[in-house]
Amino acid sequence: MSDPVLDVAALRDLFELAEGDEAFVRELLSIYLEQSVKQLASIRAAHGSGNSAALARAAHSLLGASVNIGASAVAETCRAIERRALAGLPVPHTTVDEVAEALRLVRAVASARVGSAAVPAAAVERLARPRS
Amino acid sequence: MASDLYYCFSCDAINRASQNRRCCCVGTENTLVCERCGRCFCDAPTNWKKNVWQSIGEGSAKENYQRPLILIIDDDRVIHSVVARVLEDFRGSVLHAYDGVEGLRIAQEVKPDLVITDCLLPLLDGREIARSLKSCPSTSHVCIVAISGMYRGARYRHEALRDFAVDRFVEKPISAAQLRSIIDDIVHLRPVKDTRPMQSGVRP
């Protein structure tokens, strides 16, 4: 089974942290997505230059942020990149592209329009569910 | 040490007055521009100007921080927002650093009451920051909480507490309750030393 775009349990944690404030959770997602652009660029740059240590660092940076926000698919792909890079194994170009695609999905889910209902549980489900 | 440090009223970045450019606002005193957020200080709150702006050049702005002073070091801006949000419940000032070298520099200069640092940071490991601060008499009193998503389990907890002298070791994801508890300890000057028994071979 593939990893979810956004992990419901992690989002629940965020909602708990935000005390049900959906706007704050959205702000966090926005911050994550904003910084992920730079982090993905770092991964691509390190991958392109063949610098395994830099690639592992860049992947770890995005991995950590993705775990915090619950972007499981991004996290797991970054974890795979980090492990291969640390082991000195080649990282397929397609794996880096998978990170970009997973991020695109997070962006799509995060930007999904939500109503004004401020019920955290419902909001979590809404945020975590990709648009069909 | 330079004595021209000040923090941005808008984003809390630490700036150096001597290195920052000035704004070109018409009809103002042309104040400094924050290096990180790019905002100038022409429209800063009066109280901030009184406490910080006027102190630049007359001594370090660090003396104007409200205590407890808490430094967050993490390359993930989401963590900064989350921690800052929790800290809204407490009086005090929050400073932000985004890599290990910057974090250590700020910590050495302002001697915060609490440092909350990620372990795996760009440029310098958060645990090394702890070791540096704890080994220097002028900063050994600084309470340090290391958080990590990478180093997990009893072995790393033990290593962080024993070898790197961190006061607490917390695995990500960190909860609001955990953070509040830690800050509460600092605010009320209760000991923050991690007194949980060590576990071996099992993940706590």
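How are H3(B) and H4(B) oriented to each other? In this predicted model, the axes of helix H3 (residues 100–110) of chain B and helix H4 (residues 126–135) of chain B come within 10 Å. They cross at roughly 20 degrees. Angles under 35 degrees count as roughly parallel. H3(B) and H4(B) are therefore roughly parallel to each other. Their crossing is right-handed. On the H3(B) side, the contact involves B:Gly100, B:Leu104, B:Ala107 and B:Gln108. These residues meet B:Ile129, B:Ser132 and B:Leu133 in H4(B). By class, the contact of H3(B) with H4(B) holds 4 nonpolar and 3 polar residues, and no charged ones.

Chain B as a whole contains 6 helices and 7 strands. Read from the N terminus, its elements follow the order β-β-α-β-α-β-α-β-α-β-α-β-α. Of its 204 residues, 53% count as buried. Among contacts in chain B between residues at least 6 apart in sequence, 60% join residues at least 24 apart.

Two loop residues of chain B stand out by their backbone angles. Most residues other than glycine have a negative phi. B:Lys111 has a phi near 45 degrees, a positive value in a residue other than glycine. B:Lys111 is placed in the loop between H3 and strand S5 (114–118) of chain B. Its relative accessibility is 27%, so B:Lys111 counts as partly exposed. B:Leu123 also has a positive phi, near 75 degrees. This leucine sits in the loop between S5 and H4 of chain B. At 68% relative accessibility, B:Leu123 counts as exposed.

The largest nonpolar core has 63 residues. Those with the most contacts inside it are A:Tyr32, A:Val74, B:Leu114 and B:Ile116. Helix H2 (residues 22–49) of chain A supplies the largest share of this core, 10 residues. A second, separate core has 27 residues, including B:Leu5, B:Val115, B:Ala146 and B:Leu161.

B:Ile116 illustrates the packing in the largest core. Leaving aside residues up to four places away in sequence, B:Ile116 touches B:Ile70, B:Leu71, B:Ile72, B:Ile73 and B:Val83, among others. Further contacts of B:Ile116 include B:Val145, B:Ile147, B:Leu179 and B:Ile183.

In chain A, helix H1 (residues 8–17) packs against H3(A). The angle is about 75 degrees, and the axes are 7 Å apart. That makes H1(A) roughly perpendicular to H3(A). H1(A) contributes A:Ala10, A:Leu11 and A:Leu14 to the contact. H3(A) contributes A:Val67, A:Asn68 and A:Ile69. The residues of this contact divide into 5 nonpolar, 1 polar and no charged.

A:Ile69 lies in helix H3 (residues 52–69) of chain A. At 0% relative accessibility, A:Ile69 counts as buried. The C-alpha atoms of A:Ile69 and A:Leu28 are separated by 7.7 Å. Along the chain, these two residues are 41 residues apart. Not counting residues up to four places away in sequence, A:Ile69 touches A:Leu6, A:Ala10, A:Leu11, A:Leu14, A:Leu28, A:Leu29 and A:Tyr32 of chain A, together with B:Val78 of chain B.

How values were computed. Residues numbered from 1 in each chain as written. Chains lettered and ligands numbered in written order. Predicted model: local features only at pLDDT ≥ 70, side-chain atom pairs only at ≥ 80, totals over all residues. Heavy atoms only, no water. Axes fitted to C-alpha atoms, helices over the stretch in contact; angles between N-to-C directions. Helix = DSSP H or I, 4+ residues; strand = E, 2+ residues; numbered from the N terminus. Parallel < 35°, antiparallel > 145°, perpendicular 65-115°, else oblique. Left-handed = near helix turned anticlockwise from the far one by under 90°. Contact = heavy atoms within 4.5 Å. Nonpolar A, V, L, I, M, F, W, Y, C, P; charged D, E, K, R; others polar. Buried < 20%, exposed > 50% of the residue type's maximum accessible area, 1.4 Å probe, protein only. Core = buried A, V, L, I, M, F, W, Y, C linked by side-chain atoms within 4.5 Å.
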